[in-house]
Amino acid sequence: MDWEALVKLSTTHYVLPAWYYNLKTANFLNFLPEDLVAYMEHIAELNTDRNTEIIKQAQEINTLLQQEGIVPIFLKGTGNLLSKLYKHPGERMIGDIDFLVAPENLGKAQELLLNVGYTPIAADALDAPITKHLPRIAHAHKIAAVEVHKDMTIGKYAEEFNYATIKDNLSVSDQIHTLSDVHKLDLSIIAKQINDDGQFFKNLSLRNAYDVLCLSFQSPEHPGFHKYRLLSSPLNNFVCLCGYVFDLPIFNFEFDASAKAYLENFKKLLSSDRYRKRQFKKTKRRVFLNSRARMIAKAITDKTLRKWLIKHLFSREWINRRILKKTPTQTS
C-alpha cells in the first residue's frame, strides 16, 4: 500500500481526520504503520480542538445576533458540526464559519460583528462585488474567519435555492438554527457542483462526498431532487459519482441516462492524467470566459460592479490570483 499517496490525497481533500476516526471505529488502525497512525492521531486531535473552538465561536455569534433579533442559519461544515451529523466532532475539517441571514438583516449582522472586534480580511478586497456573502471577516482572538451570507449559491441557481426556499424548514437545537437534512444535502452538493464549477470539471471533493454519505445514512430516503428545475441534474450527477467512489447504493435509486453518461466521463478522466489535464485546461478557459461575459453583461446596469471591473479586471494582482493557478488533481 502506498501510504504516502493516501495521506497526500486525504490531506488535499481535507478528510484525513474522517479517515482516521472511521478506521479507529472499525478497529483497523492495527493494520497501518505505527508512524502513520501517530501522525493521523496528531492531526485528528488538532482538528478536534479546532472544532471545539469553532463550536464555541459559533455559539457566541448566535447569542450576539439573536439578542438583536437576527437568526443566523449556520451552513456547510459548521452547520453539520452544530447539528451533530458526525459520529466524532473531529471528523470534519472546517475553514470558515458560514451563516445565512434574512436579506434585510445582512448589513446589520455584519455591523454587529465588526462592533465586537471582527475586521475585514484584506486579501478579499479583490473579490468582485457579486459574491454570495459579504467580505470575509476575522477576529484576532477567534480561530475561524466568518462569512455572512446573502445567498447560498450563484447566478440563476439562486432562484431555486435561497433564503425564502429554506427558511420554513429548519432544524433547531439549543436555539441554534441549521438547514434541514434535505437542504444540508442539497448545499453539500451545490457547494462543489455549482459554486466550485464541479459540474463542468466533472471532479469530486471527498469532503463534500463524505458529507453526502453521512447524510444518506441519517436520511436514507430519496431526497427528491426533481423538485428543482435547474439543480436536479447537477445534484443527481454528484450522488452518482459518490455511489461509484464509495461503492455504495446511496439513496437506492436508479440514475437516468444523463447521470450515467456523466459518470462515464468521470471514469475516463480518472483513467488518464494526460487526458484529464488537457480537459481541465479547456474547461477552465471556458468557465472563466463565461463568468467574465456574465460579469460584463451585469456591469452594464450595475454601477458598483462596473467601477470594480474597470479597476481590477486587468490588474496584475487579480490575474495572478484568479487565472494563473496550478492544475489540480482530478478529485480536488
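Tutor: Rings of Phe, Tyr and Trp (its six-membered ring) count as a pair if their centres lie within 6.5 Å, and planes under 30 degrees apart are called stacked, over 60 edge-to-face and the rest tilted. Please keep in mind that this is a predicted model, in which local features need pLDDT of at least 70 and side-chain atom pairs count only at pLDDT 80 or more, while totals for chains, interfaces and linings use all residues. Residues are numbered from 1 along each chain as its sequence is written, and side-chain values use heavy atoms, with hydrogens and water left out.

A search of the whole structure gives seven aromatic pairs. In one of them, the ring centres of tyrosine 20 and tyrosine 21 are 5.1 Å apart and the planes stand at 70 degrees, so this pair is edge-to-face. Both tyrosine 20 and tyrosine 21 are buried, where buried means under 20% relative accessible area, exposed over 50% and partly exposed in between (1.4 Å probe, protein chains only).

Turning to the cysteines, a disulfide is a pair of cysteine sulfur atoms within 2.5 Å, and the search of the whole structure finds zero of them. Cysteine 240 is in no disulfide, since the nearest cysteine sulfur, that of cysteine 242, is 9.3 Å away, and for cysteine 242 that distance is too far for a bond. Cysteine 240 counts as buried because its relative accessibility is 4%, and cysteine 242 is also buried, with a relative accessible area of 0%.
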